[in-house]
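Here is a short briefing on one protein model. Please keep the sequence and the 3D view open while reading.

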Amino acid sequence: MKRSIPVSVILSIVTCGIYGIYWMIMLNNELNRLSNHPKDMGGGLVFLLSIVTCGLYALFWYYKMGKQCDELRAMRGEMSDNSGVIFLLVGLLGLGIINYCLMQHNINKTLEQPPEF
């Protein structure tokens, strides 16, 4: 689903992170669907594992979602960089919301311009 990035960031701040949790779950599910990984782990389980592992799983998830964003770019015929490493570094700096914005940007672009096959 196409979402406004500024509105999502503001909602995440105003709701003290509750919308951010919802956004994370939906980003996971949408990226899995758009990048042809529908059987990958669902967003709810990703969130639960991130809590149980005190955020370590979230770092792996950032890397994995970066790779899926690269796949979306490649399907659109764009150059794909090594987003997995970039997302991991941004996550290590504690700026995960930037990763959410980048993921949403990729989803929005994919929905505007369907992938080439």
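**Largest pocket**

The lining of the largest pocket is made up of Gly17, Gly20, Ile21, Met24, Phe47, Ser50, Ala58, Trp61, Tyr62, Gly96, Ile97 and Tyr100. Helices H2 (18-34), H3 (43-52), H4 (56-75) and H6 (96-112) each give two or more residues to this lining. The model is predicted.

- The largest pocket holds about 170 Å³ of space.
- Eight residues of its lining are nonpolar and four are polar.
- No charged residue is part of the lining.

**Nonpolar core**

- The largest nonpolar core has 20 residues.
- Trp23, Leu27, Leu31, Trp61, Tyr62, Tyr100 and Met103 are the ones that touch the most other members.
- At least two residues of this core come from each of H2, H4 and H6.
- H4 supplies the largest share, with eight residues.
- In soluble globular proteins, nonpolar side chains tend to be buried together.

**Trp61 in pocket and core**

- Trp61 lines the largest pocket and also belongs to the largest nonpolar core.
- Which residues does Trp61 contact, leaving aside its neighbours within four places in sequence? They are Met24, Asn28, Val46, Tyr100 and Met103.
- Of these partners, Met24 and Tyr100 line the largest pocket as well.
- Tyr100 and Met103 are listed among the core members that touch the most others.

**Helix H5**

- H5 spans residues 83-92.
- Its residues Ser83, Gly84, Phe87, Val90 and Gly91 are buried.

- Most residues other than glycine have a negative phi.
- Cys16 has a positive phi, near 55°.
- Cys16 sits in the loop between helix H1 (5-14) and H2.
- Is Cys16 buried or exposed? Cys16 is exposed, with a relative accessible area of 73%.
- Asn36 also has a positive phi, near 60°.
- The place of Asn36 is the loop between H2 and H3.

Definitions and conventions. Residues are numbered from 1 along each chain as its sequence is written. This is a predicted model: local features need pLDDT of at least 70, side-chain atom pairs count only at pLDDT 80 or more; totals for chains, interfaces and linings use all residues. Side-chain values use heavy atoms; hydrogens and water are left out. On a 1 Å grid over the protein atoms alone, a cavity is a set of points where a 1.4 Å probe fits but cannot get out, and a pocket is an open set with protein on both sides within 12 Å along at least five of seven lines; lining residues have an atom within 4 Å of a point. Grid points are joined across faces, edges and corners, and a volume is the space filled by probe spheres set on the points. Helices (H or I, at least four residues) and strands (E, at least two) are DSSP runs, numbered from the N terminus. Ala, Val, Leu, Ile, Met, Phe, Trp, Tyr, Cys and Pro count as nonpolar, Asp, Glu, Lys and Arg as charged, and the others, Gly among them, as polar. Buried means under 20% relative accessible area, exposed over 50%, partly exposed in between (1.4 Å probe, protein chains only). A nonpolar core is a set of buried Ala, Val, Leu, Ile, Met, Phe, Trp, Tyr and Cys residues joined through side-chain atoms within 4.5 Å. Contact means heavy atoms within 4.5 Å.
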